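Thank you all for coming; please have the model open on your screens while I talk.

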There are 4 protein chains.
Amino acid sequence: MPIPAPNLYPPFNIIRLSHVDYGVRDLAASKAFYVDTLGLQITDEDDTAVYLRAMEERGHHCVVLHKSDAPHVKALSFKVFDEDQLDKAHDWFMAQGHAVTWVERSFQGRTLATTDCFGMPIEFFFRMDRLAPIHQKYALYKGVKPLRIDHFNCFAPDVDKAVGFYNEIGFRVTEYTEDEESKRLWAAWTHRKGGVHDIAFTNGTGPRLHHTAFWVPTPLNIIDLCDLMSTTGYLANIERGPGRHGISNAFFLYVRDPDGHRIEIYCSDYQTVDPDLEAIKWDLKDPQRQTLWGAPAPRSWFEEGSLFEGLEPVASTLGASPIIAP
Amino acid sequence: MPIPAPNLYPPFNIIRLSHVDYGVRDLAASKAFYVDTLGLQITDEDDTAVYLRAMEERGHHCVVLHKSDAPHVKALSFKVFDEDQLDKAHDWFMAQGHAVTWVERSFQGRTLATTDCFGMPIEFFFRMDRLAPIHQKYALYKGVKPLRIDHFNCFAPDVDKAVGFYNEIGFRVTEYTEDEESKRLWAAWTHRKGGVHDIAFTNGTGPRLHHTAFWVPTPLNIIDLCDLMSTTGYLANIERGPGRHGISNAFFLYVRDPDGHRIEIYCSDYQTVDPDLEAIKWDLKDPQRQTLWGAPAPRSWFEEGSLFEGLEPVASTLGASPIIAP
Amino acid sequence: MPIPAPNLYPPFNIIRLSHVDYGVRDLAASKAFYVDTLGLQITDEDDTAVYLRAMEERGHHCVVLHKSDAPHVKALSFKVFDEDQLDKAHDWFMAQGHAVTWVERSFQGRTLATTDCFGMPIEFFFRMDRLAPIHQKYALYKGVKPLRIDHFNCFAPDVDKAVGFYNEIGFRVTEYTEDEESKRLWAAWTHRKGGVHDIAFTNGTGPRLHHTAFWVPTPLNIIDLCDLMSTTGYLANIERGPGRHGISNAFFLYVRDPDGHRIEIYCSDYQTVDPDLEAIKWDLKDPQRQTLWGAPAPRSWFEEGSLFEGLEPVASTLGASPIIAP
Amino acid sequence: MPIPAPNLYPPFNIIRLSHVDYGVRDLAASKAFYVDTLGLQITDEDDTAVYLRAMEERGHHCVVLHKSDAPHVKALSFKVFDEDQLDKAHDWFMAQGHAVTWVERSFQGRTLATTDCFGMPIEFFFRMDRLAPIHQKYALYKGVKPLRIDHFNCFAPDVDKAVGFYNEIGFRVTEYTEDEESKRLWAAWTHRKGGVHDIAFTNGTGPRLHHTAFWVPTPLNIIDLCDLMSTTGYLANIERGPGRHGISNAFFLYVRDPDGHRIEIYCSDYQTVDPDLEAIKWDLKDPQRQTLWGAPAPRSWFEEGSLFEGLEPVASTLGASPIIAP
Ligand SMILES: [Ca+2]
Ligand SMILES: [Fe+2]
Ligand SMILES: [Fe+2]
Ligand SMILES: [Fe+2]
Ligand SMILES: [Fe+2]
């Protein structure tokens, strides 16, 4: 099944991914990880939640940590182009039979909560509190010096279906992996903001969140983080990497937070603003697809992911299999 | 005069800057500079012209060098979102009283030639030959390893007028410098593609092209280029830098090609896709505006620029003055 | 068994490791690897041998490749402080009952060939042809941009014996690994030139050469090499890394040449000129000893090494075992 | 006047430069600079003095800051190979007619205080308190992440005389600048520890300390420091750079501490352990001598330096002049 032509005039205009809301069991432990180790900046906190932004962001938050009995993901959030797009989104989702609700979210304006084609909770908003720039306050930089949230990556039980849905609302495929036998999609990377992806999908029991990624400028940031984590008690939290993906050309590191939520640190992708950008096709059996070079991914990387709150994932129907480290 | 509110629904949709066409006196000398030293890749050449692309680009060219008796710039070119935008652009420019012509350009589809508010030649197109990706052909990387064209910077005799015009066609201001006395703009950075700028304007005799910039990922690329140029006969071609601008946060180097055309190598700017991004205002008298740190710019940097073919620049009416190296 | 006190007044003065002479089956294939990929510079070549130096070296060669029916290592060579040291070395080795011969070596002065405590061929010289500096000829830099040969690492069937021997001739231990049960040495790093090592020894069937290492200034050089090798047909030649060793703090990559000789690219160690530098002790069971972070070493890395010409290695008597990747 | 042949068997064995003792007027201000900004680690402090070490050092201190009414330098200190060398040094200096005293220095063993050929206070010791390694305590790294003290650079009123003296006690010249007209030395770089220099001399009113340098592994450390200093109130303390010297190939930055003492941050030099290393000669009129590339040095860099306590410097008799920034 080929990937669909991009929908250049989607029903409403999503600008970019915005933030993720993680349920975590121990706020102090999570702060030690996200703030002291990764280097995100606290923009608000109380006993139940911590709001974080990366160094070049002006929006109030790219990560929300809320205290929770069990680890989960509350929702993935996206920023739209203006207030009108929220109403267009509302009407489109309703017309498609998805539940829609206007919800209150701290530090945000009108927020539309709905679900994607798998029931995965997604939210849309336009207004979020804007903060003064800190990208030139170099004394604040620490940890991996994260500059901005870059993308979400989700397990999907049917990647063809995911691409169909997200393509319809304007996400454009930049790279994809096809199973040569079934001609079905194994994975796809789709964007709105002009990078390789805002959200990607990988075949597997889903919907589950595989990881949230942050962008850093150079591989040295990632090596600094490895040095720091391996000497401050976080060695076991380094799950995979560093290495380079064939897909997206990203130099990457995957780490796990204290609740097991997976965070990718990421650099070296490319600009994709051209509407006629040709998606790059990879064969599932190409070992350089996953790893242009570097150690193979461990089994946990293929199998584990964060559950969405109250949502039972379902198994994929596609039985093909990538190369897993022994 | 404050900067205008961004025009979020412009008359036609420009995606990004695309390429510059330089007139050069000695194609061989220019190739030695752009190909062997900077590391751009030749995509086509004959006795009269050389076409170049950067490492992550799939479009056929970001620089055209054409043999010419005198150095000049033929035009600055921009890519639009689809073919319809060309017709909308044609009609809008005609309605505004700008001369419009459909011109033939090698390796491109329909191309609209017109002028901006100062008579500066600008061109629009949607289709350009698309080439296979080379960003993972690491054996081809050399010189500064340029990844993509990033922006143009032009001298304008009236920056308020420039911002008025480009804002109307959708360029959004990200940072600007105001002369505190006259309240007029000294300089402005405006974007379409989600970086700090596609095109910027600086007060001065114009229109002239101050520089074309290429994006590299790390300051080490720039230091490598300094090492290479300073030991291969190009020391005098290094005009300014490396250093960091306050504006845009860019780590920069300015070099001059064999005809004096100025090229910037550039990294460390930030993502600007939010339509509600607040422009950052700088005072003309703030020395960290030009140079967060690093040696002050030499006089040539403030005064010299490339002429557009057949176009006589005019002096600016704004007499304010930035800080120039002694 | 504790490590011995350093012999600060050894019988003769070795300055540093100098070069390795590899037997290779296909000179063209080896040149493609060492010159085009690693970036060593050819200083002499004919049909039977190629001489190479790294970018900051003034001595004629740090690697000799000689055509050979089978891969092997001819000898490991060391530079002494002056001509007198050669005579002192000659007399000392003879007094210890080691065979000594004055041999002819191209581009070198008087050269003493002898053997170490395992019969491993080692050579000493003072004079080698001196070449003009090229470290500022930046146009010559390519591949991993190797600056200098850094160290040898050898399998030894008895590391305590190796340390006893090399310590006596002035090599000082900087770090070592002890088997906590037997109190015997598993591995040791010893230096003359003021870095972590000129020669190291690891428990195993020996004598065999585990690897020769080259020094580069930053991890980015190593990442560049991974990118290059993984896209030019050398992916399978990347054996281990990148990662950071606990021991020596080195950021490392291990690659295999076309004959299987192992080359390490290495940075981030530290200065060790203090005669009272305390050696750092590591426990064999400490997983961060081998790998502060990064994927575990593959089995080949523990088991494979280059044979010395005409020398049959013997098994180690120490049965302890480090952590091997599954 | 040619440089003398190196004295390979000097009267006593100096290992390396060790530390500098600066008089500073405000300990708190100096701590903010050396600790919070540069990133040196405090190893001891009280109301009158602060002791500092760099990240890979095991000796107790490389910088001592002592409270003083006026800025000055108390002495430059060197570590010798063993206790016997102290006695040999004592006897040699006494025989040469230099005043010698055994002095008490905190955290050090026997310490010999004497003067060089210009009366400049220099001290020698072998024992200093040894501290546990911190080079793998990555959470401690900050500022420019200085790894070790690298060298001193002094104004000398007669560089030929300086080279004569220091050469006699074993310092070997690696690079030098000659005034082509007078054939006198303008500057020289001399080493003991195997880098380009432990101590260098530049023509000028002296003896004065031009700067103390710290070694970092990559230019990115230096750029990080520029970013930090330029946004934390230290912009005016950045005096020169970054850039690359022709001499030594160093990538450099010069900053001034709160009392005006000059500190260099430095990387990219090369290994010099070969006793037959040929010194590199530069012409005083070669502009790439001082600056392979980068902005020219400001006048302050040529003229200002730290006084030694109680020592009146004298003017140089060599009137030649290098290239100074306008
Ligand atoms: Ca709150
Ligand atoms: Fe990702
Ligand atoms: Fe620019
Ligand atoms: Fe090694
Ligand atoms: Fe220096």
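The donors of the iron ion (ligand 3) follow the spacing H-x59-H-x52-E along the chain, where donors are N, O and S atoms within 2.8 Å of the metal (3.2 Å for Na, K and Ca), and, since water is not among the atoms, sites may look incomplete. This is a predicted model, in which local features need pLDDT of at least 70 and side-chain atom pairs count only at pLDDT 80 or more, whereas totals for chains, interfaces and linings use all residues. Residues are numbered from 1 along each chain as its sequence is written, chains are lettered from A and ligands numbered from 1 in the order in which they are written, and side-chain values use heavy atoms, with hydrogens and water left out.

The residues that coordinate the iron ion (ligand 3) are His151(B) through NE2, His211(B) through NE2 and Glu264(B) through OE, at 2.0 to 2.2 Å. His211(B) sits in strand 13 (residues 208-215) of chain B and Glu264(B) in strand 16 (residues 262-267) of chain B, so the pair ties together parts that are 53 residues apart in sequence; helices (H or I, at least four residues) and strands (E, at least two) are DSSP runs, numbered from the N terminus. Both His211(B) and Glu264(B) are buried, meaning under 20% relative accessible area with a 1.4 Å probe, protein chains only.

Turning to chain A, the iron ion (ligand 2) is coordinated by His151(A) (NE2), His211(A) (NE2) and Glu264(A) (OE), at 2.0 to 2.2 Å, and the spacing of these donor residues in sequence is H-x59-H-x52-E. His211(A) counts as buried at 1% relative accessibility, and Glu264(A) counts as buried at 1% as well.

Finally, helix 4 (residues 219-230) of chain A packs with helix 4 (residues 219-230) of chain C at an angle of about 115°, with their axes 10 Å apart; axes are lines fitted to C-alpha atoms over the stretch in contact, and angles run from 0 to 180 degrees between N-to-C directions. The contact (heavy atoms within 4.5 Å) is made by Pro219(A), Leu220(A) and Ile223(A) on one helix and Pro219(C), Leu220(C) and Ile223(C) on the other.

Terms used. Buried means under 20% relative accessible area, exposed over 50%, partly exposed in between (1.4 Å probe, protein chains only).
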